[in-house]
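Please read this briefing alongside the sequence and the model shown below.

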Amino acid sequence: MTSTLKGITLKGSAELVAEFFSFGINSILYQRGIYPPETFTRVTQYDMSLQLTTDVKLKNYLTNVVSQLKEWLFECTVQKLVLVITCLETNEVLERWQFDIECDKSAKESSAPREKSIKTIQDEIRSVIRQITATVTFLPLLESACSFDLLVYTDKDLVVPDRWEESGPQIISQSEEVRLRSFTTSIHKVNSMVAYKKTDSV
Amino acid sequence: MDLEDDTTVFATLKSFNSFISRPDPPQRLSEQAAAGAGLQMQYKRSMELLEAAEKLHSKNQYLQLDQEKRQMELSHKRARFELEKAASDSARDFEREVDRNQELLGRIKRLEEREAESAKSQSEQVEANRALRKKLEGLTQKLEERDSTLETANQTISALKDEIRELKQKIQNQDATISTQTLENQALEEQLDLQRRKYQEVSQLCQSLQSAQSSCSEHIIKIKELERRLALQEQDVVMVRTMKSEVARVPDMDKELRRLREDNAYLRENSSLLKEEVEGLRRKLERMERTKEELVNMELEKEVPSVLRSQSELQGELAQQRSKALEEQKKRESQDALVRRLQKRVLLLTKERDGMRSILESYDSELAPTEYSPQLTKRLREAEDILQKTQSHHAEMEVADKSTCVYPLFRLKIEDLEAERQRLEEQNSILEMRLERHNLQGDYDPVKTQVLHFKMNPTSVAKQQRQQEVESLREEVIRLREHLRSLQDGGALVHAQDDSSMPGSSLCLNLRKQMESSELRNQRLKEVFQRKIQEFRTVCYVLTGYQIDITTENQYRLTSVYAEHMDDSLLFKKGSSGSMQLMETEFSKTLGEMVALHLHHQKSIPAFLSAVTLDLFSRQTAV
């Protein structure tokens, strides 16, 4: 946790948002059953109990991505983070969890901390994660073996780092979209939405 | 004898047992009567009984031993007897064996001869076998070829099936495309209909345009005419102006005419009145003259000067009125003359005008059309300009008339602008919704944004793993197929190549070897059985004189060795009860007597058959 007794700085906001992504991604992976539930362990965060993976490879991957994301959040060059769930048998994209990030670039120059209490931000994050858990009730079942990928939409002129590469947007054909809650740290605003492939049975 | 001993032993045992058991119940009865003394007695009795039992037992044993001894002796005797028998038997057997041996030696010789023959036949058969095997090999090769061809055919079939599937898919695709195209077709047809309707409307518009054009041309013609008339009228106007001055007098002259006419009329009236007055006056005159005469007569009598005065006054008045009438008559005549002069002038003027008109028309008609049309066009344009000016003037007039209609123009503009604004707002909202939708779906502007992901991400890793799994599975499948083929090939040949690493192949080979050996055994047994049966049948034929064939189930055909014709045969059927019955044949009809005698009367089939044989033999030898 950042020491934000005096307010939110750009660095602190980047850390908060990166932390949210880390826990949010873990929750989605647990809820959608991408990894078996026995590979998750329960932790307490944002005054609620969340699931965190114990799989070493997955942990490494998430740490790599989230740390890079933190840098980009600090530089305000990241626009979206997308969690794409693909079916391994048909290579079709089944679900897309998209988080739009709006960065207040004036925070870079001023560097004066902003007045927003940590508690409010945490409450907002909690409601977002609760809503993510609740959306699982109406999302279609993922019956076949699935895998996930994390895409980051950045500014065009950004230098592609070492272990990263360009990718397609992995858009779902014939999708239904649902807009979820958003939260803001007063420097970064994160809007959440989920898009899923329409099932033929409807 | 022994048995009798045994029975006596057993009988004594039985009697002893019954004896033992008998005293017990009376003992038990006497126990209650005399308990104490009885015990001693009992004990004594029991002791005596025990001793008796012992004695009996020993007797028994002695008897048994005796019996055994006797049995032993008997068995000895028997054994000796049997041994002697066996000796004699063995001697006999030995003699027999010796005979047999000799026989067998003879047989062996015969068999050796036969063996030589059979060896020859076997070699022949081996050669035949080899030939057959070669044929077999050829056939197997053909079979293999056919199998290969079958396989190829199967492959082609499978390929064709795949092709069929593909074609079906193509057909489905094409059907889908056809359906889409029919839909497009329908859409296009609808568009065509729309276009046709539009065309009809347009044609109607064209027609209306054409009619409008025709009306326009008519109007143009009318305009030309009007222009012509205008020109003429301008000329007339010019003429008229020149004539105006002369004609300006006409109203004055008309006025004078009127005045004159009025005066004329007045004068006529006056004249009429005057005439009437004159007549009246004349009458008066006459009366007056009469009166005069009377007066004269009277006044002549009375006063002659007064009558003369009145007469002179009357004559003066008469003279004045006559002069007036004469003046009015002169005036009337002068006015009539004026009127005539004016009429003449008017006639002249009209004649001049007609003449000028005709001249002008002649001028117009003489002019060439090329020179005519620019004038006409100029006149047209001028007329149009005038029309437009008049129209605008008319509109302005209307506008000027309706001073309150300036605002509606603005209102119309405002309404148009508002409608456009609403439309633009709707478009805007639609576009915003689209943008939002695209944003939710994940669209991005490639100019400003790039999408990155980690190279070693779980999806790509999982895909790679899948790919590897698939490849390994494919390799395994190929390997298993090759192994299967090798197994199938190894089964056809006897010498198997045991280089395969699978443990089940040795089992297979063993089983195959066993199978082959059992098949060989089967074959040999069949051959032996065939030979033996053939031998037996020939022996039967030779000895009994009948060849017995089984034609169908339970039917036997007998052909005699002395048969006169090949077809002469007797048919016997085995009934359900197992008895044989003679069926009628051509040959059996000729043997009616023998049938009646041997079968019906004597009820013996062998007798019948032997009778038939003797009869046929006698016939043969006799002939």
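**Briefing on the predicted model**

Chain A and chain B bury about 3100 Å² between them, of which carbon and sulfur atoms give 53%; buried area here is the accessible area (1.4 Å probe) that two parts lose on being put together, summed over both. This is a predicted model, in which local features need pLDDT of at least 70 and side-chain atom pairs count only at pLDDT 80 or more, while totals for chains, interfaces and linings use all residues. Residues are numbered from 1 along each chain as its sequence is written, chains are lettered from A in the order in which they are written, and side-chain values use heavy atoms, without hydrogens and water.

**Interface**

- K156(A), E165(A) and E177(A) supply 18% of the area that chain A buries against chain B, more than any other three residues.
- In terms of contact (heavy atoms within 4.5 Å), 42 residues of chain A meet 25 residues of chain B.
- Between the chains there are 2 salt bridges, each a side-chain nitrogen of Lys or Arg within 4 Å of a carboxyl oxygen of Asp or Glu, and the side chains of R179(A) and E436(B) form a salt bridge at 2.6 Å, N to O.
- On the side of chain A that touches chain B, β5(A) gives the most, with 9 residues; helices (H or I, at least four residues) and strands (E, at least two) are DSSP runs, numbered from the N terminus.

**Nonpolar cores**

- The largest nonpolar core has 59 residues, and those with the most contacts inside it are F20(A), F21(A), W97(A), F99(A) and F148(A); such a core is a set of buried Ala, Val, Leu, Ile, Met, Phe, Trp, Tyr and Cys residues joined through side-chain atoms within 4.5 Å.
- Helix α1 (residues 10–31) of chain A gives the most to this core, with 11 residues.
- A second, separate core of 14 residues includes F587(B), L591(B), M594(B) and V612(B).

**Helix α10 of chain B**

- Within α10(B), residues 592–601, the buried residues are M594(B), V595(B), H598(B) and L599(B), where buried means under 20% relative accessible area, exposed over 50%, and partly exposed in between (1.4 Å probe, protein chains only).
- These four lie on the same side of α10(B), because they cover an arc of only 100° around the axis, taken from the directions from the helix axis to the C-beta atoms.
- The face turned away from that buried side carries the exposed residues E593(B), H600(B) and H601(B).

**Loop residues with positive phi**

- D47(A), in the loop between β1 and β2 of chain A, has a phi near 60° and is exposed, with a relative accessible area of 63%.
- K603(B), in the loop between α10 and α11 of chain B, has a phi near 55° and is exposed, with a relative accessible area of 69%.
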